[in-house]
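Here are some short notes to read beside the structure. Keep the view open and find each residue as it comes up.

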Amino acid sequence: MAKMSLDDLRKLRDEKKGDLRKRDVEGKDIQIVVGMGTCGIAAGGKQILDAFIVGLDENNLVDSCHVRQTGCMGLCHSEPTIEVIVPEMPSVIYGNVTTDLVKEVIQKHLIGKELLSGYILDKPAIDIIKN
């Protein structure tokens, strides 16, 4: 095994701190929940999870967004599925998510505060949404 220099160790430490910061929930009010039941994984859920992690990093949203996974959402016909929870907006579930849609969700929903109505599978009834 090759020996590491002190600079190499410091670089590795900083890299791992960054990875841990991405997993931290504290102070993050936006949540992205990726369906990772067996149907979600088979449909590409892992790639969607990875795309969100990279996309949030690229858009400097790591400190305000938390990406996590869940089991089956019961929408197997529309996998991969994600739930997006943003304060002051209704919580929605998007289906048939692709890596291109991940970019659109980040730009339009998370940054632009706009729902992508063509991909929504589920959202609260209008009478319970606060204006």
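1. Start with the hairpin. This is a predicted model. In it, β3 and β4 form a hairpin, with 6 residues between the two strands. Look at Glu88 in the turn: its phi is positive, at about 70°.

2. Next, the pairing inside that hairpin. β3 and strand β4 (residues 92-94) run antiparallel and are joined by 3 bridges. Find Glu83; its bridge partner in β4 is Ile93.

3. β3 also pairs with strand β1 (residues 30-35). The sense is antiparallel, over 4 bridges. Here Gln31 stands opposite Ile85 of β3.

4. Now the faces of β3. In a regular strand, side chains alternate between the two faces of the sheet.

5. Move to helix α4 (residues 99-111), where His109 lies. Is His109 buried or exposed? His109 counts as buried because its relative accessibility is 0%. Beyond its neighbours within four places in sequence, His109 is in contact with several residues, including Val84, Val92 and Tyr94.

6. Last, the cysteines. A disulfide is a covalent bond between the sulfur atoms of two cysteines. How many disulfides does the structure hold? The count is 0. For Cys72, the nearest cysteine sulfur is that of Cys76, 3.8 Å away. The sulfur of Cys76 has its closest cysteine sulfur in Cys39, at 3.4 Å, which is too far for a bond. Cys72 is partly exposed, at 46% relative accessible area. Cys76 is partly exposed too, at 43%.

Conventions. Residues numbered from 1 in each chain as written. Predicted model: local features only at pLDDT ≥ 70, side-chain atom pairs only at ≥ 80, totals over all residues. Heavy atoms only, no water. Buried < 20%, exposed > 50% of the residue type's maximum accessible area, 1.4 Å probe, protein only. Contact = heavy atoms within 4.5 Å. Disulfide = S-S within 2.5 Å. Pairing = 2+ DSSP bridges.
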